[in-house]
Amino acid sequence: MKLESVRGMRDILPEEAVLWQRLEGEIRALFALYGYKEIRPPVVEPAELFARGVGEATDIVHKEMYVFPDKKGQMLALRPEATASVVRAYIEHGLYAKGDLAKLYYLGPMFRYEKPQKGRQRQFHQYGVEALGSLDPALDAEVIDLAWHLMERVGLSREGLFLRLNSIGCREDRPAYREALRAHFSARREELCADCQRRLAENPLRILDCKEPQCQEAIAAAPKSLDYLCPSCRAHFEELLSLLGDLGLAYTLDPRLVRGIDYYTRTVFELCSRELGAQDALLGGGRYDDLVEVLGGPPTPGVGFAGGMERLVLVLSQRQPLDAAAPDLDAYVVPIGAEARRKALELLAQLRRRGVAADLDYLGRSLRKAMSVAARRARYALLLGPDELAQGRLTLKDLRTGQSSSLFLGEFLANPRAFLA
Ligand code: HAM
């Protein structure tokens, strides 16, 4: 049997990993600028966490979750998202007891058994933030500002992006809205796909997420959540819109946006790219003011978002193809002869301890071949031959200009950076 990676889960090879590292660095630095601290929950959680947190009727839990028993029969799940995990950790470790706002961020793999396609995989990676402990719409605005800022920071212009925004109200508003949806869709039941007919009984809000062409007409005519907001949710949303205006952040009101997860209350949003196909959401998020309580903690509001790393990489590499040939080293050491080779190992060890990225040919290549590898991978070649050895010197060759100079080893090692500009 030919061994291959599991369908929908792929290897990130070194040339692409360079871009991932850069993005992860930018994302971490930006999250820190907004006062978020990293949390690293496990990848495996009790399956019940997502059944209760994300919701039994959602596609994520109902169809897409990787669930398996451990050896004692406890049902576990590969996490399909991290908000529920962060909230579980927040409750388990009593982070609320500090009486402060908890601002947490994460990066890592998530798993959903979806149909793989461009921008959609079964193992994918998310970066995300969760701010727990405040209802202030200013925090929603800050989270949305962070989302926009992140796109700018990684090099995506605002023109290629749009933010879809909606409010779906609080749990007091929900029954009336749900009933209105149920009445609307029941009347058009025959038009709906089989999944939506099930959703009609379980949670008609989920019908609004359906992508089946046959359901779109009924969805387009569905009641809007904004018409069912209580005065307090309406005021919250209006304040958010006014703050976004102050910050100069663009948004498009999308009355049909409900997002595919049950924990949301009030604000929901998605930041989408005009350059991606069907899977255009670069990130999505919103408020979840009941989730901490639903998972057994004290009533605590929360707001956050998560974005897909693969989709970010996709848009960025569509614009600028990955450069497989970029040099990755400062210097490539080319010894000539067995004795020089011993010395070369010593030189390499010292260079690396001084922060110089350097490597050596371990394949017994000829001088000519070793020099061509050097030219591909590094800016400088360091040549060590019998003459250099006898004099305690090395030859430094600038591979861009072709210029060579002879240096005493001791002088070079005292401050190699001075020579490797
Ligand atoms: P989500 O919309 O399910 O929200 O996922 C967030 C983002 O993860 C999506 O916008 C997309 O970029 C990426 N993503 C989701 N599924 C896949 C997939 N199969 N393949 C590739 N990328 C994918 C959440 O997960 C919420 N926890 C977000 C949140 C945080 N809400 C509040 N706080």
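The model is predicted, so to speak plainly, local features need pLDDT of at least 70, side-chain atom pairs count only at pLDDT 80 or more, and totals for chains, interfaces and linings use all residues. Residues are numbered from 1 along each chain as its sequence is written, and side-chain values use heavy atoms, leaving out hydrogens and water.

**Around the ligand**

- Thr83 places a polar side-chain atom 2.8 Å from a ligand nitrogen atom.
- In the side chain of Gln126, an N or O atom is 3.0 Å from a ligand oxygen atom.
- Gly308 uses its backbone instead: an N or O atom there lies 3.1 Å from an oxygen atom of the ligand.
- The protein buries 95% of the 660 Å² that the ligand exposes when taken alone (Shrake-Rupley method, 1.4 Å probe).

**An enclosed space**
- There is one cavity of 30 Å³ or more, where a cavity is a set of points on a 1 Å grid over the protein atoms alone at which a 1.4 Å probe fits but cannot get out.
- The largest cavity holds about 40 Å³, a volume filled by probe spheres set on the points, which are joined across faces, edges and corners.
- Its lining (residues with an atom within 4 Å of a point) is Met9, Arg10, Ile12, Gln121, Gln123, His125 and Glu310.

Key:
A polar contact is a pair of N or O atoms within 3.5 Å; within protein, one must be able to donate a hydrogen and the other to accept it, and residues adjacent in sequence count only if both atoms are side-chain atoms. On a 1 Å grid over the protein atoms alone, a cavity is a set of points where a 1.4 Å probe fits but cannot get out, and a pocket is an open set with protein on both sides within 12 Å along at least five of seven lines; lining residues have an atom within 4 Å of a point.
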